[in-house]
Amino acid sequence: MQPSRTELFQRFDVRFAASVLIAGLLIATWYHSLLWTLDDRGFSLLSKRLPYWDFTNLWAGSRMALDGHVADLFDVETYRAALRSMFSPDLPDQEWSYPPSIILLGAPLAALPILPAYLVWTFGTVFCLWLATRPLKLGPAAELAIILSPAVFMNAVFGQNGALTTALLVGGLAVAPRRPLLAGVLFGLLTIKPHLGLLVPFCLVASGNWRTVWAAAASATVLAVATGLLFGFEVWPHFFKETRALMTAIMEAPFPQPYHSNAMTVFFLARARGFGLGVSYGLQAISTVTAIAAAVWLWLPQRRAEHRERVVITALLAILATPYGYTYDTICVAIAAVFLFVTAPKAPAIVLACFWFYALVAHVFNNSGLGIGVFVPATLAVWMLVSIRQRERRELFAPTRA
């Protein structure tokens, strides 16, 4: 008996998805082999610095805090000198860029040597990401495609926290209706990177989820107070005066800088096209306001949208809302691409595959002057929002046609 056309299509889908996953794993493995091929100084051939890269900030900064030198985090030259004394006199310039509350997460890791700490951090945060995607009910294969996505590998290459912040955002949104207190705790923890949670309060207020609002506020307050009690309350004035100003200066630095090769926001796109700071901030403001409006519309109770659709779209909109985002912050793109592959049979698989891959090749486009990265989450978000609107229109006019 010959297989039906539907069965053949499903087989093609499985083969295509497997091929894309294998190709992504091969490329990511090549990146990581370069990352962990070290020169005589112990620096990576890929990154030209320690293979732990940004994780060295969390580990070393937390160790300084535990040793009673938390003030060194907020003096750039003292901080850099401390890092070089720990690792190598040839270490490139690095800066402390996090709210002090992240030290509560980094302190246990700082008690370990850096390599075991890096492995615990990397695999632990990916495990958290897997837990956060479970409520989306996409199935084991889809969950595997998310945690093995190029964006996750880029997160590991940079030693960054994108897997954790995505887990906190997606996990909090996913459980908010059923477990508001847990969601509030997750959103409170997301304040370690507050610009990625910009849309959260608008979503919660639009949906009338006040229990999560208060739980998130209480959780963030407890985190801030605990940080002050353990490391001194002066860390917060230092953060707002020194660290925030430093990160603003980095964001506004003359274009291009090496780190711009992985940037994926409207602000950086505008800078790449030659616009000045004023115009770039203006375009980013338009993007931020649009993302907020879309999130509010999406989370109103009358929307004909699945809850998991709301979660996935909001994670995409979060990239459009912030001026400060990089490839390792865009694991949400992989989640959306996998979600559409599983739930929207008519979605062109080749387009979704390109979006799933994009984090691995973003630097190629950016370095060639094509800073199109922000269009990837924007396209997916618009695609899903339009689908919801079309569904509502069909339901609205269905009785009339009947």
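**A serine in a loop, and beyond**

Reply: Ser 44 has a relative accessibility of 1%, so the residue counts as buried (buried is under 20% relative accessible area, exposed over 50% and partly exposed in between, with a 1.4 Å probe and protein chains only). The model is a predicted one, in which local features need pLDDT of at least 70 and side-chain atom pairs count only at pLDDT 80 or more, while totals for chains, interfaces and linings use all residues. Residues are numbered from 1 along each chain as its sequence is written, and side-chain values use heavy atoms, with hydrogens and water left out.

Ser 44 sits in the loop that runs between helix 1 (5-35) and helix 2 (55-66) (helices are DSSP runs of H or I with at least four residues, numbered from the N terminus). A polar atom of the Ser 44 side chain is 2.8 Å from the backbone oxygen of Leu 35. Leu 35 is also one of the residues that Ser 44 touches when those up to four places away in sequence are not counted; the others are Leu 34, Thr 37, Leu 38, Arg 49 and Pro 51 (contact means heavy atoms within 4.5 Å).

The cysteines come next. There are 0 disulfides in the structure (a disulfide is a pair of cysteine sulfur atoms within 2.5 Å). For Cys 128, the closest cysteine sulfur belongs to Cys 332 and is 17 Å away, so the two are too far apart for a bond. Cys 203 is in no disulfide either, and its nearest cysteine sulfur, again that of Cys 332, is 13 Å away. Cys 128 is partly exposed because its relative accessible area is 30%, whereas Cys 203, at 0% relative accessibility, counts as buried.

Helix 8 has the largest share, 4 residues. By type, the lining of the largest cavity divides into 7 nonpolar, 2 polar and 1 charged. The volume of this cavity is about 70 Å³, and the count of cavities of 30 Å³ or more is 1. On a 1 Å grid over the protein atoms alone, a cavity is a set of points where a 1.4 Å probe fits but cannot get out; a pocket is an open set with protein on both sides within 12 Å along at least five of seven lines, and lining residues have an atom within 4 Å of a point.

The largest pocket has a volume of about 1,400 Å³. Its lining holds 45 residues, and Met 247, Ile 250, Tyr 324, Tyr 326 and Tyr 328 are those nearest its centre. Helix 7 (150-158) and helix 12 (235-251) are the elements that give two or more residues to the pocket lining. The most, 9 residues, comes from helix 12. The pocket lining comprises 24 nonpolar, 13 polar and 8 charged residues.

Ala 270 is buried because its relative accessible area is 3%. Apart from neighbours within four places in sequence, Ala 270 is in contact with Phe 275, Ser 280 and Leu 283. Gln 284 is 14 residues from Ala 270 along the chain, and their C-alpha atoms are separated by 8.4 Å.

Note on methods: A polar contact is a pair of N or O atoms within 3.5 Å; within protein, one must be able to donate a hydrogen and the other to accept it, and residues adjacent in sequence count only if both atoms are side-chain atoms. Grid points are joined across faces, edges and corners, and a volume is the space filled by probe spheres set on the points. Ala, Val, Leu, Ile, Met, Phe, Trp, Tyr, Cys and Pro count as nonpolar, Asp, Glu, Lys and Arg as charged, and the others, Gly among them, as polar.
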